[in-house]
Structure formats: C-alpha cells, structure tokens
Amino acid sequence: MSQPRRMKRRDFIKSTAVLSTLAFLPGCGPGEATTEASTPARLRTAHIGVGNMGAEDLKAVASHPRVDVTALCDVDANALAAALALHPKAKTYSDYRVMLKEMAGEIDAVFVSTPDHTHAPASMLAMENGKPVYCQKPLTHHVTEARAMRKLAAEKQLITQMGIQVHSFYDYKLATLLIQAGIIGKVSSVRAWSNKNWGYDGPAPEGSDPVPEHLDWNLWLGTAAERPYKEGVYHPGEWRKLLDFGCGTLGDMGVHIFDTPYNALALDVPTTIKNECRAPTGFGFPENNVVTYEFPGTAYTTESFQWVWYDGPGVPAEHPDLVLPNGDALPEQGAMFVGEKGRLLLPHFMELPRLIVNGAYEDIDLAMAGEEMANAPVVRDYAGESPKHYHQFVDACLGEDTTTAPFEYAARLTETILLGVIAGRFPNQTLHWDNATARFQEEEANTYLDGTYRSF
C-alpha cells in the first residue's frame with residue numbers, strides 16, 4: 001500500500017478552484033455542473049450517508065411528492081442495502097466521489113449525512129459540480145472548512161441548507177419572534193445546556209479488530225489519518241466522541257440549542273472563548289465542558305453580551321439565572337435568555353417557551369410574535385413537523401421557497417461552535433478571536449483551525 005499523501009486543510013481549501021476531493025481519485029475530475037437557468041419540475045436527489053441519521057434524512061426528503069431518489073451512497077453495505085430496498089430504482093455507490101462524477105448529469109441536489117469529518121469534502125465537491133447541498137449539522141469539522149463552504153456557496157449562488165430541523169419548528173420560531181419583539185427587553189446573557197455525553201475521557205484503543213465485511217474502512221476514514229479498525233470505537237455512532245471525526249456534545253447538541261438564541265439575537269462570531277474542562281488527551285473530547293463566549297452587542301442584546309454553555313452528565317451547575325419558579329427542575333436540555341425585564345426559558349424540545357418575571361411564570365401574549373404565529377396551530381406532532389425543514393430545501397430547489405438555514409448563516413453558527421471546541425484544547429485559558437482575519441491572537445490555537453487531509 002502506498003504512503004498516503006497529506007496536505008494542510010488551509011492549502012486544500014484556500015482556492016475554491018482546487019478544493020475538489022476528486023484530486024484524490026486518479027482520472028477523476030469534477031463532472032459537468034448544472035448550468036440551466038430553469039428550475040426542474042421534479043428534484044432528483046443523491047444521498048451521501050444513508051444509515052442512522054442519514055436514513056432519517058432520506059425518509060424525510062423522500063416524503064416530498066416531487067422528489068425522485070436517484071442515487072444512494074454509503075460505505076456500509078448493510079445501510080446501503082436497507083436504503084435500496086426502499087428506493088429500488090436508485091443507483092448505489094460506496095464512494096461519493098465516483099457517484100458525483102458518474103451521476104453529475106442525472107442529479108439535481110445532494111444530501112450529506114456522513115460523520116462530521118466528511119461533511120466538507122463531500123459538500124464542497126458537490127458544490128463544485130454546481131449542485132445545491134443539504135448538509136447535516138455541524139456544517140463542518142474545522143473552522144477553515146466552514147468559511148470555505150460559505151464562500152463557495154455564495155460564489156456559485158447555490159441553494160443550501162444545514163440540517164438543524166428544529167430551526168423550522170413552531171416553538172423555536174415563536175421564541176425567536178418573542179425575543180425580537182422585546183418580551184424580556186435587551187438580552188444580557190444566555191445560558192444553554194445539554195446533559196448528553198458525546199465525550200470520552202479514556203485512553204486511545206490498542207490493537208485492532210477484523211474489519212466487518214460490510215464496511216469499507218478506508219472510505220469510512222476518508223480524509224482522516226489511517227488507523228486500525230476497532231469494534232465499537234468508531235462506527236457506527238461512537239465517532240462523535242473523537243477528535244478526528246466528531247465535534248463532541250457541543251458540536252452535536254450545541255448547534256441545535258444555540259441556533260434559536262443565535263438567530264433571535266442576530267449574533268455573529270464571538271470575540272473571546274474559554275472552555276473549563278479537563279486537560280486534552282489527544283483522542284477524545286472532554287466529557288464535561290463549560291464554555292463561556294463573549295459576543296459584540298447587537299440590536300437585541302445589551303452592549304456587553306455573554307453566552308455560557310454546559311454539557312455532560314450532571315449539568316448545568318447551579319446559578320441564579322437558572323432557578324425556576326416553584327422549585328421546578330430544569331429540562332435536561334435547553335436555553336435560558338436573561339433580559340432586562342425577565343427571563344425566557346426555551347426547553348429542547350417539545351415544550352413551548354416559558355416567560356419568567358420577578359421569579360414567577362407569566363402567560364405569554366402570542367400576539368407579540370405577530371399575527372401569523374398567534375393564529376398558527378401549536379403543533380405537537382413533532383414527527384409531522386420534522387419534514388418541513390427538508391421540504392423547505394426541496395421547494396427552494398424547485399423555485400418555490402427559500403431556505404432559512406443556508407450556509408451563509410450555518411457557517412457562522414458552526415464557526416462559533418467550533419471555536420468552543422478548539423478552546424477545549426486549552427482548558428481554562430481565554431482565547432481571543434479576530435473575525436476579520438479568522439485567526440486567534442494565541443498563535444498555538446491557530447493550529448486547530450484546520451488539519452490534514454489523507455489521500456484515500
């Protein structure tokens with residue numbers, strides 16, 4: 001086996017003309033991009049990653065009456081077979097690079113539902129081919145990738161959407177409109193939390209296990225560094241805990257729970273970030289994190305605005321801003337807006353926001369959120385709501401809607417999340433971020449803005 005070629009991500013993506021991962025496949029270059037000005041009558045979709053969350057994405061997309069599932073790709077033959085059984089007319093692939101080359105003229109949009117480290121390589125290759133992209137959250141694995149994806153989508157004027165489905169749910173839209181209507185005045189801070197544990201404080205595994213026959217381990221690793229396969233460590237699902245593949249609890253749940261406050265308060269990226277966590281191990285993310293962000297003020301915040309995130313077992317820590325009336329317990333996941341006139345609790349999820357003034361709950365005047373929300377039915381069937389975010393993307397591709405979480409927005413939200421992830425490499429140290437240069441003042445932290453790509 002030849003030695004893998006490696007390159008810095010910043011070199012890989014600094015020019016959108018050369019960022020295609022097809023460079024890693026001999027004789028394979030970008031396919032013919034879609035250049036027709038007219039929109040299609042039906043949307044032919046290609047799906048990269050069809051197991052676990054990818055299977056849910058596929059189900060939601062395919063429920064749209066004007067979608068034709070045309071191509072399926074997964075490195076796990078079992079997941080691919082299950083998807084094919086539901087969509088027998090689709091062509092199947094194990095390598096997304098081959099699919100995008102061979103199917104370039106037969107697909108209209110691409111859905112990326114892979115582990116985080118493959119989000120950018122697959123999405124950017126699809127966009128290089130002129131395809132609209134729906135990419136699961138977090139948008140990317142590295143900050144440089146988020147900026148590159150935002151830039152490429154804008155340059156090619158592509159329809160894009162990040163998979164933060166709750167962005168389209170009634171409860172979250174209601175909270176956004178209430179905050180912007182001034183229900184608690186200007187907001188001075190937000191405290192958000194998740195008790196999930198996508199961290200790992202143990203050592204790296206030793207030895208190796210036989211690779212299952214149904215799994216292409218080389219393609220699963222993709223651009224990540226080569227290593228032996230270990231059963232139950234990486235695939236399926238456990239990769240979220242590991243530095244080289246996921247983004248920890250902050251990257252997984254933080255994107256969902258940050259989204260509404262980030263959107264409601266019209267935030268950009270932070271100026272300082274501090275993560276209180278255990279010392280780095282070089283393999284897994286910390287199991288408990290307390291991340292404090294400072295942001296420039298906006299029209300909806302006080303001049304000084306702070307965001308505190310807690311994750312892991314037993315969170316959040318006690319704090320006066322988190323005390324609920326009647327001795328009520330906090331939801332296991334959620335966010336608390338702290339404003340000049342009160343607080344607004346937004347559980348995650350399946351609960352309406354709750355207004356707290358002077359230590360007591362108060363009824364919310366839905367008219368503050370506007371006539372449309374005041375008269376809308378309060379949807380409690382979340383299974384029924386879930387396809388909305390996907391269908392919004394499909395309808396946008398068909399020329400009948402616009403997306404509400406395009407990469408222009410999603411990249412900034414993801415960058416914010418990833419800066420907190422990087423701060424976990426420097427426990428209890430305040431890092432200073434320069435939005436204009438996309439660099440930390442602390443030079444050693446800039447090492448983690450990108451990484452290396454393996455040729456595979």
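Predicted model: local features only at pLDDT ≥ 70, side-chain atom pairs only at ≥ 80, totals over all residues.
Most residues other than glycine have a negative phi, and most peptide bonds are trans.

The peptide bond from Lys137 to Pro138 is cis. Its omega lies near -20 degrees. Pro138 sits in a loop. That loop runs between β6 (133–136) and α6 (143–156). His235 and Pro236 are likewise joined by a cis peptide bond. Here omega is about -5 degrees. Pro236 belongs to the loop between α8 (217–221) and α9 (248–264).

Positive phi angles occur at two asparagines. Asn326 is not a glycine, yet its phi is positive, at about 65 degrees. This residue is placed in the loop between β11 (301–311) and β12 (333–339). The relative accessible area of Asn326 is 71%. Asn326 therefore counts as exposed, the cut-off being over 50%.

Asn428 also has a positive phi of about 65 degrees, although it is not a glycine. Its loop lies between α13 (407–423) and β16 (431–434). For Asn428, the relative accessible area is 47%. Asn428 is therefore classed as partly exposed, since that class spans the range between under 20% and over 50%.

In outline, the cis bonds are Lys137 to Pro138 and His235 to Pro236. The positive phi angles are those of Asn326 and Asn428.

Note on methods: Residues numbered from 1 in each chain as written. Heavy atoms only, no water. Helix = DSSP H or I, 4+ residues; strand = E, 2+ residues; numbered from the N terminus. Buried < 20%, exposed > 50% of the residue type's maximum accessible area, 1.4 Å probe, protein only.
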